[in-house]
Amino acid sequence: MLQINFVRENKEEVLKRLAVKNFKDADAIITQAISLDAERRLLQKESDDVKAEANALAKQIGELMKSGKMGGIKEFAKNLIPNHSYSKGQEVEAIKARTAELKQKEKSLDDTLKAKEEEIHTLLVQVPNLPNVSVPLGKTPEDNETVFEHGEKPTLPATAQPHWELATKYNLIDFELGVKLTGAGFPVYKGKGARLQRALINYFLDKAIAAGYMEVQPPILVNEDSGYGTGQLPDKEGQMYFVGEDKLYLIPTAEVPITNIYRDVILKENELPIKNCGYTPCFRREAGSYGKDVRGLNRLHQFDKIEIVQIAAPEKSYQILEEMREYVAGLLKELNLPFRILKLCGGDMSFASALTYDMEVWSAAQKRWLEVSSVSNFESFQTNRLKCRYKDANGKTNLCHSLNGSALALPRIVASLLENNQTDNGIKVPEVLVKYTGFEMIN
RNA sequence: GGAGAAAUGGCAGAGUGGUCGAUUGCGGCAGUCUUGAAAACUGUUGAAGGUCAAACUUCCGGGGGUUCGAAUCCCUCUUUCUCCGCCA
């Protein structure tokens, strides 16, 4: 969520940059939020003044009663409403009447204030993050900018098979069985298929740890506050599985629990950057995305992913984004998969991101690019919701920046490994994985 | 799941209706002393809104209530601890 103070002070800039994200109602929403905020501050002042008077009265009554000077109370009451005369014994009642009046006023002001704040909030949560100045213009994935390409696309013989056929041929993955147990999109990995999964998880975690990330094992169900903190709620509840009985959501990515570790936390500047990694299964309903690109491992309801998350000082976050991008690229190089890196255009970026790189591997039999990672800088968009802050050298509290990336998502890596490395004698396991799998060939 | 107890500032721990945003200790920061460090001493040290800056307001697990006035009393929710039951 954008900060209202920033929006207020940089309206033109905000509108200009929202246009890059093709956000339609920017002008109306921003203008209204700013005007509501002005009203809000006036109300706040008014309410504060009323409270200040009530507090002062209560305090004085306390002092008078404490000193036992009932006569003092009489004088006090007279000053309260100067031209009013009181009959005996009414002094205290007069004071009470005045505070009751104030209290009523306070309540009505606070109700209005609260409503105003909610209105502003409702408007602001609809506004996406501002894209970084380097984000290319564009509306569709066609407009993404390829910033890096690596590796040779293998040329496969005519007999080459897509991964879902290979998976069946070598008895690695049973899609039908998954349907029996759960439903479409919940495959069962078996034998070397299961072992390959486990090998990849361990390999990715070991690499992340070596790169300075601390491993965490978070819960894979989260509450509503967490869903809100990273921005899945209130908008995308339809994409998450929900356990109604306990009001918990199955995580769509480890980003949610790991980033929420830092919700309502004030960090010391020397603790930054915080680098966490974690393996979790991820659950996505993928409502409305059916078609042929869901074939095999291309799009699942449950899949495994290793996520890297960093909480950084604002002035370092873009440098860190590049480091994270290099880190993920390094993994793909080691796995010997041809890949490209895209800088997403304004129209293709996620709601919360300021700059995103997508990493896509070449899937040789399907002859298409598959997204296996997305590395983003959210700047202070998430941390504003999370209230994740740090104290700088001057003792001032500022919002941190948050970043995350997949490192990596397994299914499409597996798909690409199977397809690209297929030979007449079986599928060759990449060298770096052999010590994790314990076998060199799948046959 | 049943019974009881508790939830206060980075941590520990006072405070049971009236200058309490909160005693005190530890920790942190700054200074004095020292060649330097430690120790000792002095000062300082929560967050949010608001303001040019102040004033001022809010926050003692969350929400609601009683009262002129609540950290303090009442209701409710959540969490933690102890005991019992069940159990990987």
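How far is a phosphate oxygen of RNA strand B from an N or O atom in the side chain of R41? The distance is 3.4 Å. The model is predicted.

**Surface near RNA strand B**
- RNA strand B is surrounded by 19 residues, and R40, Q44, D48, A58 and K391 are the closest.
- Of the atoms of RNA strand B that come within 4 Å of the protein, 70% belong to sugar and phosphate.
- By class, the residues of this surface comprise 9 charged, 5 polar and 5 nonpolar.
- At least two residues each come from α3 (26–66), α5 (91–124) and β14 (388–391).
- The most is given by α3, which supplies 12 residues.

- The side chain of R40 places an N or O atom 3.0 Å from a sugar or linking oxygen of RNA strand B.
- For R389, an N or O atom of the side chain lies 3.1 Å from a phosphate oxygen of RNA strand B.
- The side chain of R41 likewise has an N or O atom 3.4 Å from a phosphate oxygen of RNA strand B.

**Sheet β17-β18-β19**
- An open sheet is formed by 3 strands in the order β17-β18-β19, with antiparallel pairing.
- The edges are taken by β17 (422–423) and β19 (441–442); each has a single partner strand, so one side of each has no neighbour in the sheet.
- Strand β18 (residues 426–428) runs antiparallel to β17 and is joined to β17 by 2 bridges.
- Opposite Q422 stands I427 in β18.

Definitions and conventions
Residues numbered from 1 in each chain as written. Chains lettered and ligands numbered in written order. Predicted model: local features only at pLDDT ≥ 70, side-chain atom pairs only at ≥ 80, totals over all residues. Heavy atoms only, no water. Pairing = 2+ DSSP bridges. Helix = DSSP H or I, 4+ residues; strand = E, 2+ residues; numbered from the N terminus. Near = heavy atom within 4 Å. Polar contact = N/O pair within 3.5 Å; in protein donor to acceptor, adjacent residues only side chain to side chain. Nonpolar A, V, L, I, M, F, W, Y, C, P; charged D, E, K, R; others polar.
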